[in-house]
Amino acid sequence: MQILSSNMSEILKKYKIFSLPHWVLCGFFMLLTLGAILVWNLYPEWIINVDYSFAFMIPVFSVYVLWDRSNKIFKYFEATPDSESYGKLNTLFGVGAFFSFVFGLMIFLLACFLKYYFVGGLTANMMMSYTFAFIAFTFAFLISVENSRGERKSLKERLVFLSLFIFPCFIWLLSAPLNSTLEIYVSLALLSKVTVIVYEIMDFFGAIVEVKGNVITFAKGSVGVADACSGIRSLTACLFAGSFLSAIMLNKFWKKIALVALAMVLAFITNAIRALFLAIWAYNYGSDSIAGSVHDIAGYAVLGMTVVCLLILIPLFEISPVPKAIRLEEERLKREFAASQKNQNSE
């Protein structure tokens, strides 16, 4: 029996994931279980709510990003810690992460209980998606405490390791629709701005229009800037697209943040263009003309336009004022310095 167990262990170690410490693997499979529970609960919402159909890609893209960064993750557990000591601050962060992990797990289980026995609906789904992101992120910090040989890592090393999990964890915040109260508040804020923009542009170009609340009236009828035109749906979808593109195509943290921020700005601008297009169409052909395919095509065009704009922006982020030869030389010197530091520590 012992021989069989030993042989099985050797076979499993051929796969990199099974070379990780056992407690890391147990936590990893626990997260997989929680993720499966979350997807199971959100799946009906993704099917019914067309505005959140993009969420089907969240599990796939999260796994892809983790796979893309798997070499860095495995190297972290194989590498020898740097010379910096473990430190009290490192311990404090670790204790805080542990209690945060336990608290998040309790809230997740509470949300499951509330959904099936009391509240149900969007509030419980939102609680589950938010706490899952929180649990996964704190777990990533907890497993970074030491390498596979039990050697303690410094706080700086742990934070660098933690940065690998920002997208795979926090992208789950977009997986569940907002609860009705929060969504109404955000929608109203966006609706008023979109309505004003559409009215001002049409009025500037001489169209005879009048605004009554979120409704623009004209001779051939009226068009209401409804909740679906507020931009909150396109905002979440474009935020997802911007987050994914920044995670796989940009290397510096500030560039990732900038692209995500630009995705939100572009989502608002393109949605205002969509609302303006529909208002002009209704102004010329009547209010009934924007129902059906015209409205849907305009919506898909907005999302496509935003993604294209983001793809155009990515090469601009890669432009550097420093010549390539100098950058390559700096990287070479950094590698040599890191190698000499490791040799000194080993001696």
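1. A residue counts as buried when its relative accessible area is under 20%. By that cut-off, 39% of the 347 residues in this protein are buried. The model is a predicted one.

2. The protein has 13 helices and three strands. Take its contacts with a separation of 6 or more: residues 24 or more positions apart account for 75% of them.

3. Look next at one helix pair. Two packed helices are described by the angle between their axes and the distance between the axes. Helix α2 spans residues 22-48, and helix α5 spans residues 88-117. Their axes come within 12 Å and cross at roughly 30°. Angles under 35 degrees count as roughly parallel, so α2 and α5 are roughly parallel to each other. The crossing of α2 past α5 is left-handed.

4. Which residues in α2 and α5 meet? From α2 come Met30, Leu34, Ile37, Trp40 and Asn41. From α5 come Phe101, Leu105, Phe108, Cys112, Lys115 and Tyr116. Sorted by class, the contact of α2 with α5 has nine nonpolar residues, one polar and one charged.

5. Cys112, on the α5 side of that contact, is buried, with a relative accessible area of 13%. Cys309 is partly exposed, at 25%.

6. How many disulfides does a search of the whole structure find? It finds zero. A disulfide is a covalent bond between the sulfur atoms of two cysteines. For Cys309, the closest cysteine sulfur is in Cys238, 9.6 Å away. That is too far for a bond, because the cut-off for a disulfide is a pair of cysteine sulfur atoms within 2.5 Å.

Notes. Residues are numbered from 1 along each chain as its sequence is written. This is a predicted model: local features need pLDDT of at least 70, side-chain atom pairs count only at pLDDT 80 or more; totals for chains, interfaces and linings use all residues. Side-chain values use heavy atoms; hydrogens and water are left out. Axes are lines fitted to C-alpha atoms, for helices over the stretch in contact, and angles run from 0 to 180 degrees between N-to-C directions. Helices (H or I, at least four residues) and strands (E, at least two) are DSSP runs, numbered from the N terminus. Angles under 35 degrees count as roughly parallel, over 145 as roughly antiparallel, 65 to 115 as roughly perpendicular and the rest as oblique. A crossing is left-handed if the near helix is turned anticlockwise from the far one by less than a right angle, and right-handed if clockwise. Contact means heavy atoms within 4.5 Å. Ala, Val, Leu, Ile, Met, Phe, Trp, Tyr, Cys and Pro count as nonpolar, Asp, Glu, Lys and Arg as charged, and the others, Gly among them, as polar. Buried means under 20% relative accessible area, exposed over 50%, partly exposed in between (1.4 Å probe, protein chains only).
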